[in-house]
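Subject: Structure handover

Hello,

Please find the structure below, together with its sequence. After it come my notes on what was found.

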Amino acid sequence: MIKRVFTGLLCGLLLLCTGCGFAQKEEPASVPVYDLYFRVANLGSATGADAIAVQPSDIAVDAEADASRLAEELMDALLSGPRDASLRSPFPAETALRSVRISGGHATVDMTPAYAALSGVELAMADYCITLTLTQIPEVRSVQTTVNGGLLAYRSSQNFTARDVLISSAEDVVATVEVTLYFCDINSFLIGERRTLELYEGDTRAEALVEALSKGPEGTEMFSSFPEGFAVQSVWVKDGVCYVNFASAMLKALPPEINTVLPTQALRASLRSLENIREVRFLVDGEVAADIDDVRKTELTAEP
């Protein structure tokens, strides 16, 4: 695994001093210590994931700490650059953080215009260093980096998870699957985007599809069919039926004006592009639901 969280295991120390009578002293309870991710200095000898390396940070925050504050601290430390001479910052010198916002497991990191000078491999490495650093936070599953509030149009993808990090070898891909993902056009109509998804060890086709759908379209004329804060908790297939499970806490946290009909339609249509799925059923907290949230009346059992 490329993403690592180092946890210090601190034991009580017994100080023995003959004739001094010192009592046993206990150290404070351990807290998570977070890593920072940088590019290696010598890219000529690095390939794939080896181009990014870890430097443990000095940031240790207890489990009750606010996720947004922790994200800001990690970003400030990341922008300060590495201490290790074998590492390099992936960011232009004048890059600064404008804000970090976390909602529904997704972090939006807004940077100053210097970040827009990056492109190609350099942009990918900067995006990945941010993603690997922030997805250590339990509340963050995916990351999007913007510049002055706007997306960089020349990116091939706008949202990243730790799984998207540069793969060291094509041999890590165990299979591919052809799917159609449904996103919104400017008028909020669903349109399909053909995609070839790569499956890695432990992936299921349904999980890979939902992850790709949640990251948004590759086409510039389309928009995500998932409103901000909307997320799938789990998905699995049994006897041709795909079960999509949502957390009630996520649904209740959505603003009242958000309608879940469109994202559930996009999920249903996208999942049914997999040949082994003949029906899609939606669950809330593991229980079959006649609707998603009391306010959102929609038939959730897929059409025959």
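Arg281 is partly exposed, with a relative accessible area of 29%. Here buried means under 20% relative accessible area, exposed means over 50%, and partly exposed lies in between (1.4 Å probe, protein chains only).

Before the rest, two notes on the source. This is a predicted model, in which local features need pLDDT of at least 70 and side-chain atom pairs count only at pLDDT 80 or more, while totals for chains, interfaces and linings use all residues. Residues are numbered from 1 along each chain as its sequence is written, and side-chain values use heavy atoms, with hydrogens and water left out.

Salt bridges

The side chain of Arg281 meets that of Glu279 in a salt bridge, at 2.8 Å from N to O. A salt bridge is a side-chain nitrogen of Lys or Arg within 4 Å of a carboxyl oxygen of Asp or Glu. Glu279 counts as buried, at 13% relative accessibility. Arg278 belongs to a salt-bridge network with Glu279 and Arg281.

How many salt bridges does a search of the whole structure find? The search finds seven. One of them joins the side chains of Glu228 and Arg101, at 2.5 Å from N to O. This pair links distant parts of the chain, 127 residues apart: Glu228 is in the loop between α3 (205–215) and β10 (234–238), and Arg101 is in strand β5 (residues 97–103). Helices (H or I, at least four residues) and strands (E, at least two) are DSSP runs, numbered from the N terminus. Arg101 is partly exposed, with a relative accessible area of 44%.

Arg195 and Glu193 also meet through their side chains in a salt bridge, at 2.6 Å from N to O. Are these two buried or exposed? Arg195 counts as buried at 10% relative accessibility, and Glu193 counts as buried at 8%.

Strand β11 (residues 241–246) is mostly covered, since six of its six residues are buried. In a regular strand the side chains alternate between the two faces of the sheet. In β11, Val241, Tyr243 and Asn245 point one way, while Cys242, Val244 and Phe246 point the other way.

β11 pairs with β10 in the antiparallel sense over five bridges; two strands pair if DSSP finds at least two bridges between them. Across this pairing, Val237 stands opposite Cys242. The two strands form a hairpin with two residues between them, and Asp239 in the turn has a positive phi of about 50 degrees. β11 also runs parallel to strand β12 (residues 279–284), joined to it by six bridges. Here Val241 stands opposite Glu279, the residue that is in the salt bridge with Arg281.

Helices

In α3, the buried residues include Ala206, Leu209, Val210 and Leu213. After α3 comes Gly216, with a positive phi near 100 degrees.

Ala253 is found in helix α4 (residues 248–253) and counts as exposed, at 62% relative accessibility. The C-alpha atoms of Ala253 and Phe230 are separated by 9.1 Å, and the two residues are 23 apart along the chain.

Helix α1 (residues 67–79) contains Glu72, which is partly exposed, with a relative accessible area of 36%.

Regards
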